[in-house]
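The sequence and structure come first.

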Protein chains: 2
Amino acid sequence: MDTVSHRPVIGRSQEAAISTEPGTIGELGEFGLIAAVAARMPQPPSAIVGIGDDAAVLRLPDSAVTATTDLIVEGVHFRRDWSAPADVGVKAAARSLADVVAMGAVPQTLLVGLAAPPDLPVAWALEFASGLAGEAARGGASVTGGDMSSATQIFISVTAIGSMAGREPVTRAGAHPSDTLAVTGRLGQSTAGFALLEAGRTSPAGPVDAYRRPAPPYQSGPAAAALGATAMIDVSDGLVADLGHIAAASGVRIDIETARLPVPPALTDAAAALGLDPAARAGSPGPLSWLLTGGEDHALAATFPFGTQIPTDWVVIGRVHPGRGVYVDGMNYPGMIGWQHFR
Amino acid sequence: MDTVSHRPVIGRSQEAAISTEPGTIGELGEFGLIAAVAARMPQPPSAIVGIGDDAAVLRLPDSAVTATTDLIVEGVHFRRDWSAPADVGVKAAARSLADVVAMGAVPQTLLVGLAAPPDLPVAWALEFASGLAGEAARGGASVTGGDMSSATQIFISVTAIGSMAGREPVTRAGAHPSDTLAVTGRLGQSTAGFALLEAGRTSPAGPVDAYRRPAPPYQSGPAAAALGATAMIDVSDGLVADLGHIAAASGVRIDIETARLPVPPALTDAAAALGLDPAARAGSPGPLSWLLTGGEDHALAATFPFGTQIPTDWVVIGRVHPGRGVYVDGMNYPGMIGWQHFR
């Protein structure tokens, strides 16, 4: 069923071999493509029934489960000339896995829908699948099901299912005044990379790679839950916008101190490459605005009870107070604070 | 958040009220649309965390869960001029729910992705959501999460999660020689309805309605599992094609006796309306071919150990034998046996 895996491959990586797969998915057909993709998806021991039946069946560690769906659309979330197919697979998996760990849950499985034009190269679909399976594995999950369809542009849906592993979920609604605010993972890098690509640049490489391949800190989510985090969110729309969701759901004010927010050299370099002032104030394009409003890196932001020994992979950047809204250095943030579809 | 539900509505159904919602989703914006849709989605008691956080969290009856994803794409699975938005919602929910019950599982929740052009009327999105929520309820499930995006055509993903309720899954691989083959639910009606719509007709109404709103027999899936069904599948691609999956996975031959397959008057009427011979042989367009190869009604086909008292909602249509493939009245089926995307 999977012609690639039966072809002798000597001295080349699996991915290099995949990229030589000829033809379009229209020539291969749905069932051939499903077989080729499924061959790239190792099934976990928890899968009583894996890919190939009406539905997957999994024996999970706990009857309390978390589940989330994300869409990735060509021209909206990615461009084929900016991202390799494996990059798109990484991004598709990362978005949903980040939502799972932001509940404090442990990722278990992904279900993936792929709709695409019949002239899509088979190599694109298989490299996408490999990128997706690799990122799923990095998050501790496997791909156990999916669906395919034809369409005029590439549409991807990824559903992630996680186990609560005996813990209560960490929602957006649990932050209390005096809690410590901390973040872990990249901030602003994906947005800086997007700005570079939009300006026709592919360097500095750090932010461009970050745009192409988000790397959410999966282990930090369940670890924060075990440590007693009171609220948590993955930063998909931007730090200020996403903390705004916690502030609203918890009925609190959240203060960010930008002096505590480290500005990575990659962002300073990106600003310089784009002719921006690396020290621009919040609200003007530059590193600080990227840190505060850049989404898609899928960092985690969480609040912890005052006095919690915050693990070293987190950076403390502020505090929770009575009130409402998100304040940056004591003021309401002046700039645009997030992305909204359809507008 | 939901302006419709706060508007006085006298002497009109909720759906009629919804359809007066003005504007496009581009004018309303993503967050407004999410709020309006969420207001139509009652959250179940099992939802520890429902719509509005990073992910839903559910307390399920069993740690063994089943999960499946299906895609519905405008122009591929539906046309806006052939199906009302609520019809599309019903179809989207039904496809995934049918996969869950075909494992013998009990549906618990749906997660829904909707990508659409910004000029989509808000009324379309809300009626779609109502149709989807209604069909989810008919299947015993609730919608607890989702995602939205802009796109150039309407693209819908539905993930259904079910509980095994303490039973083993009924896969495609368990059929044994001497097992009884039975089906429950509509067969061929959706395909007949599609043929009528393609010919510019909207009557007879039965098949056209069946095309627009599939009605899978949700309760029959878990009931068959409880009765000891050895293999089960939902008929999404066509009876012969889908029984072919059971035959292949189980390593058996499956025989269908067409004399046992009731031909509903609706199919005879549809054939007459289309100028087809209502008694056409298998392989030529007409009622018998629709019954054998028509998909999308999401009937259930199952095998039961010889001697099982088959419940009255099922029709016995054949038997399992040693060998391979699917035979119709003792012969390999002559016609096209199913749908394949991209080709």
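The entries below follow the order in which I looked things up.

**Basis.** I worked with a predicted model, in which local features need pLDDT of at least 70, side-chain atom pairs count only at pLDDT 80 or more, and totals for chains, interfaces and linings use all residues. Residues are numbered from 1 along each chain as its sequence is written, chains are lettered from A and ligands numbered from 1 in the order in which they are written, and side-chain values use heavy atoms, with hydrogens and water left out.

**H4(A) and H5(A).** I took helices (H or I, at least four residues) and strands (E, at least two) as DSSP runs, numbered from the N terminus. Axes are lines fitted to C-alpha atoms, for helices over the stretch in contact, and angles run from 0 to 180 degrees between N-to-C directions. H4 (residues 85–102) and H5 (residues 122–138) of chain A pack at about 40 degrees, with axes 6 Å apart. They are therefore oblique to each other; angles under 35 degrees count as roughly parallel, over 145 as roughly antiparallel, 65 to 115 as roughly perpendicular and the rest as oblique. The residues that meet include A:Val88 and A:Leu97 in H4(A), and A:Trp124 and A:Phe128 in H5(A).

**Sheet of chain A.** I traced an open sheet of 7 strands with mixed pairing, in the order S8-S10-S7-S11-S9-S12-S13. Strands pair if DSSP finds at least two bridges between them. S8 (231–235) and S13 (331–332) of chain A are at the edges with a single partner strand each, so one side of each has no neighbour in the sheet. S12(A) (residues 325–328) pairs with S13(A) in the antiparallel sense over 2 bridges, and A:Tyr327 stands opposite A:Asn332. H4(A) lies across S8 and S10 of chain A, at about 170 degrees to S8(A).

**H6(B) and H7(B).** I found that the axes of H6 (residues 189–198) and H7 (residues 205–212) of chain B come within 7 Å and cross at roughly 105 degrees. H6(B) and H7(B) are therefore roughly perpendicular.

Conventions. Contact = heavy atoms within 4.5 Å.
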